[in-house]
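Me: I would like a close look at a single part of this assembly, followed by whatever connects to it. Please state the criteria behind each term.

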Amino acid sequence: MTDTLILTARWGEKDTHTLASYRAAGGYAALEKALGLAPAAIVEEVKISNLRGRGGAGFATGLKWSFLPKDVRPRYLTVNADESEPGTFKDRYILEYEPHMLIEGIALTCYANDIHTAYVYVRGEFARQARVLEAALAEAYQAKILGPRLLGKAEFALDVYVHRGAGAYICGEESALLESLEGKKGYPRLKPPFPAVIGLYGRPTIINNVETLANIPWIVMNGGKAFAALGVGKSGGTRLFCVSGHVNRPGVYEKPVHYNLKKLIMEDCGGNLGGRAVKAVIPGGSSAPVLSASEIDVSMEFDALKAAGTMAGSGGVIVMDDSTCLVRALWRIAKFYAEESCGQCTPCREGCPWMEGVLERMEHGEGQAGDVDKLLQMANNIGGQTICPLGDAAAMPVQSFLKKFRPEFERHLAERRCPFGGEAWGRTQGTRPAFIGPAKS
Amino acid sequence: MPNPDPPTAGAWQDLPEDGVRRFDDELAPILRRYPEDRRASAMLPALRLGQEIFSHLTPAVMALAADRLGVSPARAEEVATFYVMFHTRPVGRHVVEVCTNVSCCLSGADRIYQALKEQLGVENGGTTADGRVTLREVECLGSCGTAPAMLVDGEMEEGLTLEKVERTVGDLK
């Protein structure tokens, strides 16, 4: 185990978002170093690093880059800063505290892949974060880091632009993001072709998450091998785990990618509020199948969580204690997908609001015999039946909650009421200090 | 439901001239971010700008964005009605948007949202009779560690308590 902090070491300190501060901490040295390397050597380092996408799918970053067709230009980089998966709140802090780390990662990625235009798609609600990034970009242009000549010397032009979204979870899906960037509503595209071949404006396009790219400078500086060594197996590095819900110290924790989930909750986050017991944990954003208390002693590495029947997803860990009504929690999750379904595919457009409705009546003591099986049937008819993974994301919570906590749903039907009452859900926790980077702890 | 008042191509000419001029001035640098033959890419920023200047997206404002980007007004309307941050109806002088997603609710957001509805006397999406505040329930804002969270006129407020929210919203003029 290691205490290496790649992304969060300076979070919470003053002025880390400025170019001067980033430079003083050794910033842009990786870009300086990279300009003396062959672009292909950088791609190779990233492959060796075992860096896997931090947005949700966990796809190998270096491999993704290698899917770009050899001789088609221009190519584009789009950075996914549409952080919207419930329970996920890490990219926003990278934008707030280390915007230049992201910009350097973008510059390295573009240099490695012969890309001269990058767009950062920032979700519309991140007004402050977009302002900080815009200011950092302006500084980088002013200092001639970006523009006609990379770092003011390389024969390599690079432009980076911010493109703000306007409130649509679906635009975090990569092909919907491209549609939105082209000025349309966010309807996901059929794949294949994948964006690496036909992406933005029909051109080869790399789409990477903010956290993914922010790791690139460290990899270039320290080597892919060192990054791989921080993790385990086919997953390298540290990753940002966002913990929310019923814990004493919620926040963003940078830990080795294979860190233990139970340890994170019970030790780092100080356990449950008021010493209550864990009831359920969603380990990777609201789309990830739920784990029961007996299942949380598990590595959070991508393949380990997959083997445990769930997924590492976006790193959003939502902790629910034994006061939580899981019918209510699932109802709220179903409502989210019903709200955010883009409407393109019938199973998702019709099925999500239907699931929400059944869960709502169940929570209010108006459920009908057979509702549990009906919910399962609906979820099974949405998952795998849609163009994009939002359908699966809506189905997985329903399937997993029912599989692991079915008696609680049956009890709502049998008693014709919520056995938890309204209090548990609405209980105000007051403000707890959140752990946002070590400097504030 | 069919829109009884669809945007027509020339409708933007009825907009106040100074507003249109400001729109054009501020749109120009934004357009430089996209390839020349891909002006339509600026649809989201153009609509955001239109909303900022004209307070909400009327058919005329949508037609203005469409005209400048070289697409049909229907395309602008399609986008304006897809994204939740665009208002196609009038809103109050202030917009308060409360997240009630799972992490926020585990920290008491439901109660905050209920209290705000009572304080303002409106339901979801409603505007107070004096036109002061529009209240909306919204999805995850990415502030789950510092939950509950809300947006006040687009700016994030985190670590909310009942008292803090009632004060903040009460102070809006």
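Me: How are α6(A) and α7(A) oriented to each other: roughly parallel, roughly antiparallel, roughly perpendicular or oblique?

Reply: The model is predicted, so to speak of local features requires pLDDT of at least 70 and side-chain atom pairs count only at pLDDT 80 or more, while totals for chains, interfaces and linings use all residues. Residues are numbered from 1 along each chain as its sequence is written, and chains are lettered from A and ligands numbered from 1 in the order in which they are written.

Helix α6 (residues 99–113) and helix α7 (residues 127–142), both of chain A, pack at about 60° with axes 9 Å apart; α6(A) and α7(A) are therefore oblique to each other. Angles under 35 degrees count as roughly parallel, over 145 as roughly antiparallel, 65 to 115 as roughly perpendicular, and the rest as oblique. The axes are lines fitted to C-alpha atoms, for helices over the stretch in contact, and angles run from 0 to 180 degrees between N-to-C directions. Helices are DSSP runs (H or I, at least four residues), as are strands (E, at least two), numbered from the N terminus.

The crossing of α6(A) past α7(A) is right-handed, meaning that the near helix is turned clockwise from the far one by less than a right angle. On the α6(A) side, P99(A), H100(A) and I103(A) meet V132(A), L133(A), A136(A), L137(A) and A140(A) of α7(A). Contact requires C-beta atoms, placed from the backbone, within 7 Å. By class, this contact has 7 nonpolar residues, 1 polar residue and no charged residues. Nonpolar covers Ala, Val, Leu, Ile, Met, Phe, Trp, Tyr, Cys and Pro; charged covers Asp, Glu, Lys and Arg; the others, Gly among them, are polar.

Helix α7 also takes part in the contact between the chains. That contact takes 52 residues from chain A and 43 residues from chain B. Among the elements of chain A that each supply at least two residues to the side touching chain B are α7, α8 (174–181) and α14 (326–340). The largest share of that side, 6 residues, comes from α14(A). By class, the side of chain A that touches chain B has 21 nonpolar, 19 polar and 12 charged residues.

E182(A) lies in the loop between α8 and β4 (205–209) of chain A. Not counting residues up to four places away in sequence, E182(A) touches Y201(A), A40(B) and S41(B).

Key: Contact = placed C-beta atoms within 7 Å.
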